[in-house]
Amino acid sequence: MPSRMSPRERYMRRALQLAEHGRGRVSPNPTVGAVLVRDGTVIGEGYHAVYGGPHAETECIRDAYARGNDPRGATMYCTLEPCSFRSPNKHNAPCTDAILEAGISRLVVAARDPNPAVSGRGVQVLRDAGLEVICGLLERRALEADEAYFVSVAGGRPMVHLKWAQSLNGRIARAGGGKTAISGPEALRHAHGIRAQCDAILVGRGTVALDDPSLTVRHADEPPGAGTGAGTDATEQSSAGHRAAQPIRVVLDPELKTSNSARMLEEPGETWIVIRPWVSQLRRRPFERPGVTLIELPPTELPPPTPNTSVSLAPALFSQAPLSRLSISPPSFSIAAVLDALYRRGVRSVLVEGGSETHRGFLDSGLWDRLSVYIGPALLDGEVLSPACGAHIADTEAITERTVTELGNTVCISGLNSAAAARLETLRWEFGVAAQSSPGQGFSGLNGLNGLNRRNEPNRQKGECCVHRTRT
Ligand code: AOF
Ligand code: ZN
């Protein structure tokens, strides 16, 4: 495949590769990479390394000067349309200014920036100033590589990734509860790789009570934010934009029943607990500690539970009832309100890890974008079925752009909700797709997953499924 790659594609691939260095560090900003080329030689490289830091384009120009190269007349390859605006809370001057000042004469861009403050203006400003601008080279690859940024900006809420493991016969736990190994160590590493890419990991309070999970990234080949050398102190975090070492842990716990000695509260990074406003001060007091934030959400206007409300098989993740009883309570929070609260705090991607009531709440709401299901070889007894059983799923072909990844004894099937895939399609350039060279690319990637899921088949047709094997 590399032999058939044009030089332009090679430079843009390099820019995409550079962008990866910002993964886990730049949210809610996008990951961006840039390469400067003159006379077939790379004279500068840059990427957006950390939230609030310089943008890829200015880093690339700075790098060219640092190497003693003059960027005048050069071509810049950039994975994202350069920004073109100033605002009071923006950290950097417009990259379009930097590009013009440097005397760059040609720009090749992969994806349009869906930020309404940019969205085509960056390209227009540069074209108006006389630069030749080519849009859309490896566009799908760029959209796929920073799926969370594009899906969340286009949707006005965090990208929601649902993830669970189930047995061959569709069970997620053994009868009687307790921890059950459904998938193997390769799957665990893979799952931690997904965690490392997300701003937040969300669970219901029942999962905290039952499993006492850490919800940290521990088994991924690359820890979050690896590769940049830039660091912020985890104790200084106040929003997703300042995240360093670990994704934010989010617990849905209307009545604040979580134990103050829960393991995750001791872990590095932040825990946000979503509660109802009327939780007493007395109950809140033990949570007034570094790293823990209580987020108040109003309840939904759901009617109170009636005797006919169906009995939930999973623990009462959304209910007020003690865990020792099965819940007959409807969900207490509106998923939309939860997502809105997270988005306003800078969270652009949420990995929902369970339990099944929480998963079902998201499935029922339709507010989810990617689904990853690990299927292990076990045949489990009991009735704790996959959250998809009994959920309201509007679209029978619910996931598209699928990948199937073999992970030792486990298979991971992952794909986008068709609505999310459609939303990504709407972001594509409607014009100037002059250098589009791989029209068959689809949005299949769990990007940046240590290479496990990077697609090797650029001409794969949209909707096709591809199979990967782990490199263990
Ligand atoms: C670029 N190159 O490397 C990035 C861009 O607060 P600021 O100044 O960092 O600006 C953030 C916005 O800039 C962000 O919302 C997105 O629209 C754009 N990100 N643009 O040209 C970059 N990271
Ligand atoms: Zn910029």
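**Architecture of the predicted chain**

The chain contains twelve helices and 15 strands, where helices (H or I, at least four residues) and strands (E, at least two) are DSSP runs numbered from the N terminus. The model is a predicted one, in which local features need pLDDT of at least 70 and side-chain atom pairs count only at pLDDT 80 or more, whereas totals for chains, interfaces and linings use all residues. Residues are numbered from 1 along each chain as its sequence is written, and chains are lettered from A and ligands numbered from 1 in the order in which they are written.

Of the 472 residues in the chain, 51% are buried, a residue being buried if 20 or more other C-beta atoms lie within 10 Å of its own, exposed if 12 or fewer, and partly exposed in between, with C-beta atoms placed from the backbone. Among contacts with a separation of 6 or more, 71% are made by residues 24 or more positions apart; two residues are in contact if their C-beta atoms, placed from the backbone, lie within 7 Å.

Apart from neighbours within four places in sequence, Met76 is in contact with Ala34, Leu36, Glu57, Cys60, Ile99, Ile104 and Leu107.

Helix 1 has 13 residues and reaches 18 Å from its first C-alpha to its last, close to the 18 Å expected at 1.5 Å a residue, the expected span being 1.5 Å times one less than the number of residues. Its buried residues are Tyr11, Met12, Arg13, Ala15, Leu16, Leu18 and Ala19, and these pack against strand 1 (33-38), strand 2 (41-47), strand 3 (75-80), strand 4 (106-111) and helix 5 (139-145).

Strand 1 is itself mostly covered, with five of its six residues buried. Strand 1 runs antiparallel to strand 2, to which six bridges join it, and antiparallel to strand 3, with four bridges; strands are taken to pair if DSSP finds at least two bridges between them. Val35 stands opposite Glu45 in strand 2, while the bridge partner of Val35 in strand 3 is Tyr77. Strand 1 and strand 2 form a hairpin with two residues between them, and Asp39 in the turn has a positive phi of about 50°.

What covers the buried residues of helix 7 includes strand 6 (159-166), strand 7 (200-204), strand 11 (349-354), strand 12, strand 13 and strand 14.

Strand 14 (residues 410-417) is mostly covered, six of its eight residues being buried. It pairs in the antiparallel sense with strand 12 (residues 370-375) over six bridges and with strand 13 (residues 399-407) over seven bridges. Ser414 in strand 14 is the bridge partner of Ser372 and stands opposite Thr403. Strand 13 and strand 14 form a hairpin with two residues between them, where Gly408 in the turn has a positive phi of about 60°.
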